[in-house]
Amino acid sequence: METEGARTDRLGLLLDQFDQAREMARVRLTGLGDEEYLWEPAPGSWSIRRRGEAATPRAFGPGEWVLDLGAPDIPASEYAEVARQAADGMTLAKIAADWSVSIERVEQVLAHTGAPEPDETPITTIAWRLGHLHFHFAGGWEWTFGERRQEPKRLVDFTPCAALALERFWALIDRWRDSVAAVTDEQFDMVGFSQYPYSNDADNPFIAVLSGANLEFIHHMAEIALLRDLWRVRSATPR
């Protein structure tokens with residue numbers, strides 16, 4: 001990997017990491033078509049759907065198309081995140097509000113009792129992964145650099161058109177990156193500089209928030225890349 005000109009300051013390291021991940025993701029998403037974008041790799045996959053055809057009880061979005069979201073619970077894949085939140089000093093009440101569950105459910109997860117089986121974590125489409133990233137970064141921007149008042153779940157007009165979804169997504173990601181690049185040292189270390197409501201951002205310095213946002217982008221883009229590989233193999237396999 002080329003390192004010439006790489007920055008070594010704290011913000012520079014995180015920006016360089018994000019830039020590299022963003023460019024890799026752009027390459028991996030080149031040529032994404034509508035059929036692949038909406039392909040459900042397993043029955044019951046979460047995706048985007050017309051409002052009247054939503055398959056999950058809390059699907060959301062401001063327009064005709066909504067993003068699947070199931071009944072409130074903490075997926076088994078997120079137990080480590082709950083443990084991290086508790087270790088970082090987040091109260092049980094706040095963790096419960098973050099996941100839209102009861103305090104008793106949080107206590108069960110932390111004690112590893114009453115836990116759902118790992119295979120209950122939903123399988124998703126590329127459309128869902130991209131939409132999930134889009135609404136989180138849109139909300140992150142609004143509650144960090146914007147007016148801090150708009151509901152994140154109403155900020156993204158989901159679409160079944162892959163090209164349009166990507167056009168809107170990359171415009172948002174570029175705006176996020178430009179805003180992050182202008183953060184001052186004081187803001188970078190400020191606790192609560194981000195007030196994003198679906199997180200514990202308000203309890204952390206922005207450097208931790210930014211690191212988490214990078215990880216969110218990287219791991220969802222890796223999942224999208226895997227779904228593209230599975231689609232390619234599926235399409236090439238004789239039936």
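## E23 and its salt-bridge partner

E23 is partly exposed, with a relative accessible area of 41%. (Buried means under 20% relative accessible area, exposed means over 50%, and partly exposed is in between, using a 1.4 Å probe and protein chains only.) The side chain of E23 meets that of R22 in a salt bridge, at 3.8 Å from N to O. (A salt bridge here is a side-chain nitrogen of Lys or Arg within 4 Å of a carboxyl oxygen of Asp or Glu.) R22 itself is buried, at 13% relative accessible area.

A quick word on what you're looking at: this is a predicted model, where local features need pLDDT of at least 70, side-chain atom pairs count only at pLDDT 80 or more, and totals for chains, interfaces and linings use all residues. Residues are numbered from 1 along each chain as its sequence is written, and side-chain values use heavy atoms, with hydrogens and water left out.

How many salt bridges does a search of the whole structure find? It turns up 19. The general idea is simple: side chains of opposite charge can pair when their charged atoms come close.

Take R50 and E64, whose closest N and O atoms are 2.1 Å apart in a salt bridge. R50 sits in strand β1 and E64 in the loop between β1 and β2, so this pair ties together parts that are 14 residues apart in sequence. (Helices, H or I with at least four residues, and strands, E with at least two, are DSSP runs numbered from the N terminus.) R50 is partly exposed at 35% relative accessible area, and E64 is partly exposed too, at 47%.

Then there's R84 with D88, a salt bridge whose closest N and O atoms are 2.6 Å apart. R84 is partly exposed at 34%, and D88 counts as partly exposed at 46%. Elsewhere, salt bridges that share partners join D19, R22, E23, R26, D174 and R177 into one network.

## A buried threonine in a loop

Now look at the loop between β1 (48-50) and β2 (65-67), which is where you'll find T56. Is T56 buried or exposed? It is buried, with a relative accessible area of 13%.

The side chain of T56 makes a polar contact of 2.6 Å with the side chain of D68. (A polar contact is a pair of N or O atoms within 3.5 Å; within protein, one must be able to donate a hydrogen and the other to accept it, and residues adjacent in sequence count only if both atoms are side-chain atoms.) If you skip its neighbours within four places in sequence, T56 is in contact with W46, D68, L69 and G70. (Contact means heavy atoms within 4.5 Å.)

## Where α3 meets α4

Two packed helices are described by the angle between their axes and the distance between the axes. For helix α3 (residues 79-87) and helix α4 (residues 92-99), the axes come within 10 Å and cross at roughly 145°. (Axes are lines fitted to C-alpha atoms, for helices over the stretch in contact, and angles run from 0 to 180 degrees between N-to-C directions.) The contact is made by E81, V82, Q85 and A86 of α3 and I95, D98 and W99 of α4.

Q85, in helix α3, is buried at 2% relative accessible area. A polar contact of 3.0 Å joins the side chains of Q85 and W99. Beyond its neighbours within four places in sequence, Q85 is in contact with M90, I95, D98, W99 and N200. Over in helix α4, I95 is buried at 0% relative accessible area. I95 and A83 are 12 residues apart in sequence and 9.9 Å apart in space, C-alpha to C-alpha.

## Where α6 meets α7

At what angle do the axes of helix α6 and helix α7 cross? The axes of α6 (residues 126-142) and α7 (residues 162-181) come within 10 Å and cross at roughly 35°. On the α6 side, the contact is made by L130, L133, H134, F137, A138, G140 and W141. On the α7 side are A165, L166, R168, F169, L172, I173, R175, W176 and S179.
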